[in-house]
Amino acid sequence: MTVTFHDLRKLKKLPLGHSKKVLADTKDSHIWIHGDDPGTQGPMNRHTADEIFYCVQRECTFTLEGGRREKLKPGMVVFIAKGDYYQLENTGTDYMILLRMRSEPSKLARFGAKGETVGD
């Protein structure tokens, strides 16, 4: 049995301001903490698996395909189906923390609006 426990209340700021710390990774899914400094914006992208985002601290604005924008605040969760495009931006005034889970192992590519691989 592989069981891991993490206390998000004791989480320290991740290095580099825009970063990912994987908490658990299996052949079927992974879960991680995502941290961004204010003003940080990722690329419009999509994945090949379903994903959830839970806002732990501050706020995150999602831009969805077609330009729709929605704010995720602490305690809120959003589900994004595989293949749906989205972009994240820390529109708050302090360091933002999201808990994320995707139904595929880590280190798989994400894809931009033209089908290109984007990001690390």
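On a 1 Å grid over the protein atoms alone, a cavity is a set of points where a 1.4 Å probe fits but cannot get out, while a pocket is an open set with protein on both sides within 12 Å along at least five of seven lines; lining residues are those with an atom within 4 Å of a point. Grid points are joined across faces, edges and corners, and a volume is the space filled by probe spheres set on those points.

Hello everyone, and two words on the ground rules. This is a predicted model, so to speak: local features need pLDDT of at least 70, side-chain atom pairs count only at pLDDT 80 or more, and totals for chains, interfaces and linings use all residues. Residues are numbered from 1 along each chain as its sequence is written, and side-chain values use heavy atoms, with hydrogens and water left out.

Let's begin with the cavity. The search of the whole structure finds one cavity of 30 Å³ or more, and about 30 Å³ of space lies in the largest cavity. Which residues line the largest cavity? They are Arg46, His47, Ala49, Glu51, Ile80, Ala81, Lys82, Gly83, Asp84 and Tyr86. That lining divides into four nonpolar, two polar and four charged residues. Here Ala, Val, Leu, Ile, Met, Phe, Trp, Tyr, Cys and Pro count as nonpolar, Asp, Glu, Lys and Arg as charged, and the others, Gly among them, as polar.

Now to the sheet. Strands are DSSP runs of E, at least two residues, numbered from the N terminus, and two strands pair if DSSP finds at least two bridges between them. There is an open sheet of three strands in the order β5-β4-β7, with antiparallel pairing. Its edge strands are β5 and β7, each pairing on one side only. On average, neighbouring strands of this sheet are turned by 25° against each other, direction ignored; the axes are lines fitted to C-alpha atoms, with angles running from 0 to 180 degrees between N-to-C directions.

Please look at β4, residues 60-64. Five of its five residues are buried, so β4 is largely enclosed by the rest of the structure; buried means under 20% relative accessible area, with a 1.4 Å probe and protein chains only. In a regular strand the side chains alternate between the two faces of the sheet. In β4, Cys60, Phe62 and Leu64 point one way, and Thr61 and Thr63 the other.

Who are the partners? β4 is joined to β5 (residues 69-72) by four bridges, and Phe62 has Glu70 as its bridge partner there. The two strands form a hairpin with four residues between them, and Gly66 in the turn has a positive phi of about 95°. β4 also pairs with β7 (residues 86-89) over four bridges, where Thr61 is partnered by Glu89 and Thr63 by Gln87.

Of its 13 lining residues, the closest to its centre are Phe62, Leu64, Arg68, Glu70 and Val78. β6 (77-80) gives the most to this lining, with four residues. The lining has nine nonpolar, no polar and four charged residues.

Last, the cysteines. With a disulfide taken as a pair of cysteine sulfur atoms within 2.5 Å, the count comes to zero. Cys55 is in no disulfide, and the nearest cysteine sulfur, that of Cys60, is 7.1 Å away. Cys55 is buried at a relative accessible area of 1%, and Cys60 is buried at 0%.

How values were computed. Buried < 20%, exposed > 50% of the residue type's maximum accessible area, 1.4 Å probe, protein only.
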